[in-house]
Amino acid sequence: MAARKKKAQISAYLDQDVMKMLSDYAARRDLSQSLVVEAAIASFLSPDADERREAAITKRLDQIDRRMTRLERDLGISVETLAIFVRFWLATTPALPEPAAQAARGKAGERYDAFVTALGRRLAKGPKLRQEISEDVSGKPD
C-alpha cells in the first residue's frame, strides 16, 4: 500500500458569496471543500491555464460571430421582404379617385391597428419568417 503524502494546510479568507458558491458546489458534487479548492488552485496555477482561458474566450467569440451572422441574415431577409412587398404593392395598387381616397384615409387607422395586432400575434406565436426560409439559400443576386 502506497504511503499517503501529507498535505500542507493553509488558511484563506473568502468573501461570503464565494464561500457559499464553494459550499454549494462541493455539496452538489459530494466532494470536500478542501478538494474543490485544491483542484481550483491547481487549475489556476497550471501552465496551460492561459491556453484554456484563451480557448474558452475563442469559443465564446465564435458563438457571438455565428449569432451576428444570423442577425445579418435575418436583417437582410427583413429588408428584402419589405422592399419586395413595397415594389409589388406600388405596381399593383392603382391610385384611388379623390372621394374614395378620403374614405380610405379614414379607414387607414383601423387597418393599421389590425396590422399591428396581427404582427404582434405572429411575433408572439411564430413561426418566424426567418424559420421558413432555408439556411441554404445562396446570397448571390438573381
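At what angle do helix α1 (residues 16-29) and α2 pack, and how far apart are their axes? I began my notes with this pair.

**Ground rules.** I am working from a predicted model, in which local features need pLDDT of at least 70 and side-chain atom pairs count only at pLDDT 80 or more, while totals for chains, interfaces and linings use all residues. I number residues from 1 along each chain as its sequence is written, and my side-chain values use heavy atoms, with hydrogens and water left out.

**Helix pair.** I looked up the packing of α1 against α2 and found an angle of about 110 degrees, with the axes 9 Å apart; the axes are lines fitted to C-alpha atoms, for helices over the stretch in contact, and angles run from 0 to 180 degrees between N-to-C directions. I therefore call α1 and α2 roughly perpendicular to each other, a term kept for 65 to 115 degrees, with under 35 as roughly parallel, over 145 as roughly antiparallel and the rest as oblique. Helices here are DSSP runs of H or I with at least four residues, numbered from the N terminus. From α1, I list M19, L22, S23, Y25 and A26 as meeting Q33, V36 and V37 of α2, where contact means heavy atoms within 4.5 Å.

**Loop.** Between α1 and α2 I found D30 in the loop, and I noted its phi near 55 degrees, a positive value in a residue other than glycine. Most residues other than glycine have a negative phi. I count D30 as exposed, at 69% relative accessibility (buried is under 20% relative accessible area, exposed over 50%, partly exposed in between, with a 1.4 Å probe and protein chains only).

**Salt bridges.** How many salt bridges does the structure hold? I record seven, each being a side-chain nitrogen of Lys or Arg within 4 Å of a carboxyl oxygen of Asp or Glu. One of them joins the side chains of K7 and E38 at 2.9 Å, N to O. K7 lies in the segment before α1 and E38 in helix α2, so this pair ties together parts that are 31 residues apart in sequence. I have K7 as exposed at 55% and E38 as partly exposed at 40%.

I also looked up D50 and R53, whose side chains meet at 2.7 Å, N to O; both lie in helix α3 (residues 49-92), three residues apart, about one turn of the helix. For R105 and E98 I noted a salt bridge with the closest N and O atoms 3.0 Å apart, R105 being exposed at 53% and E98 partly exposed at 45%.

**Surface.** Lastly, I noted a nonpolar surface patch of about 520 Å², made by I10, V37, I41, F44 and L45. Patch residues have over 30% relative accessible area and no salt bridge, with like charges joined within 9 Å and nonpolar side chains (Val, Leu, Ile, Met, Phe, Trp, Tyr) within 5 Å; accessible areas come from the Shrake-Rupley method with a 1.4 Å probe, and for residues only the protein chains shown count as cover. L45 lies in helix α2 (residues 33-45) and is exposed, with a relative accessible area of 62%.

Key: Helix = DSSP H or I, 4+ residues; strand = E, 2+ residues; numbered from the N terminus.
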